[in-house]
Amino acid sequence: MQIVSIFVKDDSQSEGLHAFSFDDEIEEFSRIFKLWRDTKYIQDYLNQNIENLESGYYKYSSIDEVIDDIRNQAISLQKLILQYAENGFNTKGDNLQMLFKPLDNRESSIPLHQETKAKPDKKEYKKPIIRLYAIRIDANTFILTGGLIKLTERMDQCPYGIIELDKIKQAKSFLKQQGIKFEEDLDNYYDL
Amino acid sequence: MKNNNKIESIISKTIVSKWKEEAEFQIRNEKWLQYSSNIARRIYALLEDNDDMNQRKLAAKLGMSPQYISKILKGDTNLSLETIAILSEALGAELIAFPSYKYSVSVTQSRTFFKVIKGNNAIALKANTICSENNVEPVINVYDYAAA
């Protein structure tokens, strides 16, 4: 397992966004966006999770509409992240914490070492279907653990969500081994 | 020691992310990638519905590699019109359609008439009438403009 820099503040080697590589080949940021633009992967994924899709949690009228939405939301999220990378992210009201919110919707602020998620802009998409997951290890410093096409209300309601939760646990365990201290260790995760 | 400083010491020196180039490519080429994805979805559905055909057989039928068919199904291949036509014929279905435009609507419904004043009567000629600025030669039909 390795940590790869995605982008950092000009005068820093660490403050910014990083991503885990679980296979020591590709980091999660690139891997996840690669999947979200892979039409066959999305079609297979939706076919495998058709019951969740039909449950009515999301109001899509067709598979085609879901695929378009996933692709469009992924592009929107990339644009947002490019903005942070290019225009800076350390000014008041424009830090990375604006993008990465607590994984648990019931928390209004992010304590240090908290699990977080990023979604496309809510002004553009009322109910975003994709998520990026990251661990905040310091002010303005996040390490991405993965992402999900979230078809259920809670992450632990689908196998892919459970995999992502497991990756967060693995990532935290790795960070602890590296001497990164966690003030808390949540056993339960929510992504409502 | 702050967590930030510790992270700095364990950041990978061997893996370099290409996320920025990839994101910029996606944004720059959004439109044709959308076309490619739509074609991929149709190929996927046709293969799904045809028990006698799969990616491997389709590749063999077209003399393409299975890897290339797999790449096409990802929806990020800039397909040529020739490739789209070959795939379409092999699968026995159209993969793209063309929207109606002014020359594809019914002639009787067309509103693209050339108005010609002849005495006090206005007449209209069909759109494919050959005309020039001072000389109008109706080739097919002449319609009574008032009734058109």
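A salt bridge is a side-chain nitrogen of Lys or Arg within 4 Å of a carboxyl oxygen of Asp or Glu. By this criterion, Lys20(B) and Glu86(A) form a salt bridge through their side chains, at 3.8 Å from N to O. The structure is a predicted model, in which local features need pLDDT of at least 70 and side-chain atom pairs count only at pLDDT 80 or more, whereas totals for chains, interfaces and linings use all residues. Residues are numbered from 1 along each chain as its sequence is written, chains are lettered from A and ligands numbered from 1 in the order in which they are written, and side-chain values use heavy atoms, with hydrogens and water left out.

**Interface between chains A and B**

- Contact (heavy atoms within 4.5 Å) involves 48 residues of chain A and 34 residues of chain B.
- The two chains bury about 3500 Å² between them, with 53% of it on carbon and sulfur atoms; buried area is the accessible area (1.4 Å probe) that two parts lose on being put together, summed over both.
- Of the area that chain A buries against chain B, 15% is supplied by Arg37(A), Lys40(A) and Leu82(A), more than by any other three residues.
- There are 6 salt bridges between chain A and chain B.
- Between chain A and chain B, 16 residue pairs are in polar contact, both residues being at pLDDT 80 or more. A polar contact is a pair of N or O atoms within 3.5 Å; within protein, one must be able to donate a hydrogen and the other to accept it, and residues adjacent in sequence count only if both atoms are side-chain atoms.
- Elements that give two or more residues to the side of chain A that touches chain B include β1 (2-8), α2 (39-48), α4 (63-87) and α5 (159-177) of chain A. Helices (H or I, at least four residues) and strands (E, at least two) are DSSP runs, numbered from the N terminus.
- The largest share of that side of chain A, 12 residues, comes from α4(A).

**Salt bridges in detail**

- Over all chains, the whole structure holds 13 salt bridges.
- Arg41(B) and Asp64(A) are joined by a salt bridge of 3.0 Å, N to O, and this pair crosses from helix α3 of chain B to helix α4 of chain A.
- Arg41(B) is buried at 3% relative accessibility, whereas Asp64(A) is partly exposed at 28%. Buried means under 20% relative accessible area, exposed over 50%, and partly exposed in between (1.4 Å probe, protein chains only).
- Lys20(B) lies in helix α2 (residues 19-28) of chain B and Glu86(A) in helix α4 of chain A, so this pair also joins two chains.
- Lys20(B) is partly exposed at 32%, and Glu86(A) is partly exposed at 45%.
- Within chain A, the side chains of Asp44(A) and Lys40(A) meet in a salt bridge of 2.8 Å, N to O; the two are 4 residues apart in helix α2 of chain A, and therefore about one helical turn separates them.
- Glu28(A), Arg31(A), Glu164(A) and Lys167(A) are linked in a network of salt bridges.

**Helix α6 of chain B**

- In helix α6 (residues 81-91) of chain B, the buried residues are Thr83(B), Ile84(B), Leu87(B), Ser88(B), Ala90(B) and Leu91(B).
- These residues lie on the same side of α6(B) because they cover an arc of only 165° around the axis; the arc is that of the directions from the helix axis to the C-beta atoms.
- Leu81(B), Glu82(B) and Glu89(B) are exposed on the other side of α6(B).
- The buried residues of α6(B) pack against α3 (30-49), α4 (55-62) and α5 (66-74) of chain B.
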